[in-house]
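The following note sets out points for a colleague reviewing the coordinates.

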Amino acid sequence: MRFDFLTIFPGMVSAFLAEGVVARAIEKGLISVHVVNIRDFAGDPHRTTDDRPYGGGDGMVMKPEPIYGALRSVGREGGRSQVILLSPQGERFDQAMAWDLARYDQLIFLCGRYEGIDERVRLLCADREVSIGDYVLSGGELAAAVVTDAVARLIPGVLGGTRSNLEDTFEGGLLEYPHYTRPEVFMGHRVPAVLLSGNHEKIRRWRRTESLRRTMKRRPDLLERAHLTREDEEILAALRGRGEVRAE
Ligand code: ADE
């Protein structure tokens, strides 16, 4: 899968690509990432990419021509591609959208800056507009990095086979259970005995219980949408019975 970043701050993106899961995926040839400097497509000697807004007001707006030129310079992988404008006004990114985007052969990110981007870019160039949350960043670069990370780890082979992403928080609609490693006692806090028992069935049930308990306490909204088994309902009823989580 190929990811293209169109940005006026290529260094921000390169730093993110240098280490971690995404860097290893690039090394293994599972993904490729290309960074395009929008400034290279500005038509003047000052390499201007922004201008004052029509109608007046504070701030600058990103000009359409350099972005359009940068987009046209991006090679298409032939298969299915999506041009994604990162903006706080977009559709909210979540795990379901990450899976949806992972089906494409190429994602092209338009990283906006300043007060905004000329509306015609949105209209003419973007297949979709994506927000990573209800807050305003200084630009789309970090948001594009977040989307890339979440999508890349869904590509077969990227997580290295030792760790499945299927048990991750949000997969299956619940928050993940807590994890422990050595030492057995840390600052007076013991690892739960069941995890040392070697009883796989008990461990499985304990993890499911903790997952449900956590989701109920922290994100009851997720629980309402999750696919719950009969066992899950029993566990929740028991938790509610013990007054551990609030009854509906
Ligand atoms: N650009 C600025 N804020 C953003 C956000 N919340 N999500 C995506 N892109 C952005």
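1. Origin of the ligand shell. The model is a predicted one. Two strands, β5 (81–92) and β8 (128–131), each contribute at least two residues to the shell around the ligand. The largest share of that shell comes from β5, with 3 residues.

2. Composition of the shell. Among the residues surrounding the ligand are Leu 86, Ser 87 and Pro 88, together with Val 130, Ser 131, Ile 132 and Gly 133. The list also includes Tyr 135, Val 136, Leu 137, Gly 139 and Ala 143. By class, the shell comprises 8 nonpolar and 4 polar residues, with no charged residue.

3. The ligand taken alone exposes 260 Å², of which the protein buries 96%.

4. Domain division. The chain is split into domain 1, covering 2–152, and domain 2, covering 169–242. The C-alpha centres of these two domains are 38 Å apart.

5. Nonpolar core. The largest nonpolar core contains 30 residues. Those with the most contacts inside this core are Phe 3, Ile 31, Phe 93, Leu 101, Leu 107, Phe 109 and Val 147. At least two core residues come from each of the strands β1 (2–7), β5 and β6 (106–111), and likewise from each of the helices α1 (10–17), α2 (20–27), α4 (95–101) and α6 (141–152). Helix α6 provides the largest share, 6 residues. In soluble globular proteins, nonpolar side chains tend to be buried together.

6. Ala 150. This residue is found in helix α6. Is Ala 150 buried or exposed? Ala 150 is classed as buried because its relative accessible area is 16%, and the cut-off is under 20%. Ala 150 and Ala 102 are separated by 48 residues in sequence, while their C-alpha atoms are 9.1 Å apart in space.

7. Arg 113. This arginine is placed in the loop between β6 and β7 (116–117). With a relative accessible area of 11%, Arg 113 is buried. Its side chain makes a polar contact with the side chain of Glu 141, at 2.9 Å.

8. Cis peptide bond. Which residues does a cis peptide bond join? The bond links Arg 182 and Pro 183, with omega about 5°. Pro 183 is found in the loop between α6 and β9 (185–186).

9. Positive phi at Arg 47. Phi of Arg 47 is near 55°, a positive value in a residue other than glycine. Arg 47 is in the loop between β2 (32–37) and β3 (50–51). The relative accessible area of Arg 47 is 32%, so the residue counts as partly exposed.

10. Positive phi at Met 187. Met 187, which is not a glycine, has a positive phi of about 50°. Its place is in the loop between β9 and β10 (189–190). Met 187 is classed as exposed because its relative accessible area of 68% is over 50%.

How values were computed: Residues are numbered from 1 along each chain as its sequence is written. This is a predicted model: local features need pLDDT of at least 70, side-chain atom pairs count only at pLDDT 80 or more; totals for chains, interfaces and linings use all residues. Side-chain values use heavy atoms; hydrogens and water are left out. A residue is near a molecule or strand if one of its heavy atoms lies within 4 Å of it. Accessible areas come from the Shrake-Rupley method with a 1.4 Å probe; for residues, only the protein chains shown count as cover. Helices (H or I, at least four residues) and strands (E, at least two) are DSSP runs, numbered from the N terminus. Ala, Val, Leu, Ile, Met, Phe, Trp, Tyr, Cys and Pro count as nonpolar, Asp, Glu, Lys and Arg as charged, and the others, Gly among them, as polar. Domain bounds come from an automatic or database domain assignment. A nonpolar core is a set of buried Ala, Val, Leu, Ile, Met, Phe, Trp, Tyr and Cys residues joined through side-chain atoms within 4.5 Å. Buried means under 20% relative accessible area, exposed over 50%, partly exposed in between (1.4 Å probe, protein chains only). A polar contact is a pair of N or O atoms within 3.5 Å; within protein, one must be able to donate a hydrogen and the other to accept it, and residues adjacent in sequence count only if both atoms are side-chain atoms.
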